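User: Hello! I would like to learn how to read a few features of a structure, one at a time. Could you walk me through them?

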Amino acid sequence: MAHPELQVMLYGKDLSAYTIKVDHPGVKLHSVEQPANPNYLFLNLVLEANLEAGNIPIELMQGGEMKQRLNFPVLEREKGSAQRIGFDNSDVMYLLMPDRFANGKSENDIVEGMLEDKIDRKDKTGRHGGDLAGVIQHLDYIEEMGFTAIWFNPFLENDVERSSYHGYSTTDFYKVDPRYGSNEEFKALVDAAADKGIKVIMDMIFNHIGITHWWMKDPPSADWINFGGEYVQTNHRRTVNQDPYASEYDRKLMVDGWFVNSMPDLNQRNDFLATYLIQNSIWWIEYSGMAGIRMDTYPYPDKAMMAEWNRRVLHEYPDFNIVGEEWSLNPGLVSYWQKGQSNHDGYDGMIPSMMDFPLQSALAQSLMEEENWNTGWIKLYDALSNDFMYPDPYNLVIFPDNHDMPRFFMQVNEDIELYKLGIIYILTTRGIPQIFYGSEILMTHHESNHHGHIRKDFPGGWKGDKVNAFSGEGLSKEEEEMKAFFRTLLTWRKENPVIHDGELMHYAPEKGVYVYGRYNEEQRIIVLLNKTGNDQKLKTGRFVELIQNASSGNDIITGKKYSLENTIEVPAKSGLILELK
Ligand SMILES: [Ca+2]
Ligand SMILES: [Ca+2]
């Protein structure tokens, strides 16, 4: 590894009573550190260039006698591991929640001894039985649809009493939850996905753990958990990270307060804990072969440690990608974090990508508002102009919806034509698109906007499902058509680099039509989105910078040819994606 030091946490009764001996070629025991709790020791090892794969013996000594010997396994690295390419704007991510996508193995549905030891598909916050095996079985589907990456909601062990299905309450950072599978199964999934050209992105949470994490019974030190391990609610005032006027009181409550009472807040200022989390990420990347990380609740952990975490991961894997979640509609706040930003306080967050929440909101407003001087498409046109604030807007992750908000189809009042306009926009504007599973079959949640209803079971993922969205059996005509629409658009996007990293130019909305284009040396694309109920005739002279001397364009969805001589007619409530000729 680029970083030669490794810190090993040892846990066991009265470890402070032992001295540690490591005598192995290629390894030096630099030092042993003792936290407040005598049941822990931290060993600082230096791994030298001549270290070979195998077991490093760690000996626990007392009075010159060896009392116990542990074998710390060191594995051979995969060739080219450090040079792996992270997700980028040539990709489209498929976001799925492992519990709710497909149940590939019924034998792991209930794991004896775990705190939530039942499944109930009728319970919105219960476990439904989906797992990693189910995803492996349906990789063909994800590939055929044209997705090139999968972002998994978290699947590490969540041995908590209730709502363990969503995976955001980690109880073991080094272990896949047995109800989803095993570490080996995850690695097999990443390999099988790679064979299909699909990258895998892991969801990580550094801000908090589940209340039943084993640390809670016997933490290494009192400062391991914020507020001394006692529940104090965060104020959720996320602006404190950027606000030049924030009081220390507000700042501390935001960053150190707990997200909810069942999720103890980790103190990343503790150096042992910071190292533990950093090494854990690097271990998962190296072990599994994955291509990216999505970091949860990005403004909540200690921001200096988060910058250091990014630096360390990118030091090992310079072309890796990491995206953070700052749920703010203010691009000034979001852009603060991105690597290369020049900030008023000198902070460099080091993170390559952020989730583009401001653009998501502007898109939904644009589609739902009446066209007017300051409403409708102008929201999206104006929102995009904020890109001057970002060091790298082409590396932002863009999305119509995700697992934490009403599905986009519901946001546009189930209007299929408006929905299509939104999807065209996400798949053709700058950035790295992310699509939530079920979007391709118009999934709804009429029961409620409760997260448990939004994260519905994908039809066909369970034996006996009447509808099978994988095969198409039982889908309505509208659902079938939407699936085909996605497949056409995604397959085309995959093959056309101009949509990945081509330049972007847009025109102020007129007559309810928003026009923009993507171009590079080889290719030019013009996208025309007509929101109105009428066909709209536009003079093409206005677009000459973009279309140059092209006289026509072929719509990539219908294959139909459109003339660009003098005028173009954009059909009512529809979008055209024209490849210019
Ligand atoms: Ca299962
Ligand atoms: Ca925190």
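Analyst: Happy to. Let us begin with accessibility: buried means under 20% relative accessible area, exposed means over 50%, and partly exposed lies in between (1.4 Å probe, protein chains only). Aspartate 465 is partly exposed, because its relative accessible area is 21%. Before we go on, note that this is a predicted model, where local features need pLDDT of at least 70, side-chain atom pairs count only at pLDDT 80 or more, and totals for chains, interfaces and linings use all residues. Residues are numbered from 1 along each chain as its sequence is written, chains are lettered from A and ligands numbered from 1 in the order in which they are written, and side-chain values use heavy atoms, with hydrogens and water left out.

User: Where is aspartate 465 placed, and which residues does aspartate 465 touch?

Analyst: Helices (H or I, at least four residues) and strands (E, at least two) are DSSP runs, numbered from the N terminus. Aspartate 465 sits in the loop between helix 13 (451-454) and helix 14 (477-495). Contact means heavy atoms within 4.5 Å. Leaving aside residues up to four places away in sequence, aspartate 465 touches Arg121, Phe458, Pro459 and Gly460. A polar contact is a pair of N or O atoms within 3.5 Å; within protein, one must be able to donate a hydrogen and the other to accept it, and residues adjacent in sequence count only if both atoms are side-chain atoms. Here the aspartate 465 side chain reaches the backbone nitrogen of glycine 461 at 3.4 Å.

User: Which residues supply the donors of the calcium ion (ligand 2)?

Analyst: Asn207 (OD1), Val255 (O), Asp265 (OD), Asp265 (OD) and Tyr300 (O) are its protein donors, lying 2.2 to 2.7 Å from the ion. Their spacing along the chain is N-x47-V-x9-D-x34-Y. Asparagine 207 is in the loop between strand 11 and helix 5 (248-256) and tyrosine 300 in the loop between strand 12 and helix 7, so the pair ties together parts 93 residues apart in sequence. Asparagine 207 is buried at 1% relative accessibility, and tyrosine 300 is buried at 3%.

User: Which way do the side chains of strand 8 point?

Analyst: In a regular strand the side chains alternate between the two faces of the sheet. In strand 8 (residues 149-152), Ala149 and Trp151 point one way, Ile150 and Phe152 the other, and all are buried. Two strands pair if DSSP finds at least two bridges between them. Strand 7 (residues 93-96) runs parallel to strand 8, joined by four bridges, and leucine 95 stands opposite tryptophan 151. Four bridges also join strand 8 to strand 11 (residues 199-204), again parallel, with methionine 202 as the bridge partner of phenylalanine 152.

User: And which strands stand at the edges of the open sheet?

Analyst: Three strands form this open sheet in the order 2-5-6, with antiparallel pairing. Strand 2 (19-21) and strand 6 (65-74) stand at the edges, each with a single partner strand, so one side of each is left without a neighbour in the sheet. Strand 5 (residues 54-62) pairs with strand 6 over nine bridges, and glycine 54 has valine 74 as its bridge partner.

Definitions and conventions
Donors are N, O and S atoms within 2.8 Å of the metal (3.2 Å for Na, K and Ca); water is not among the atoms, so sites may look incomplete.
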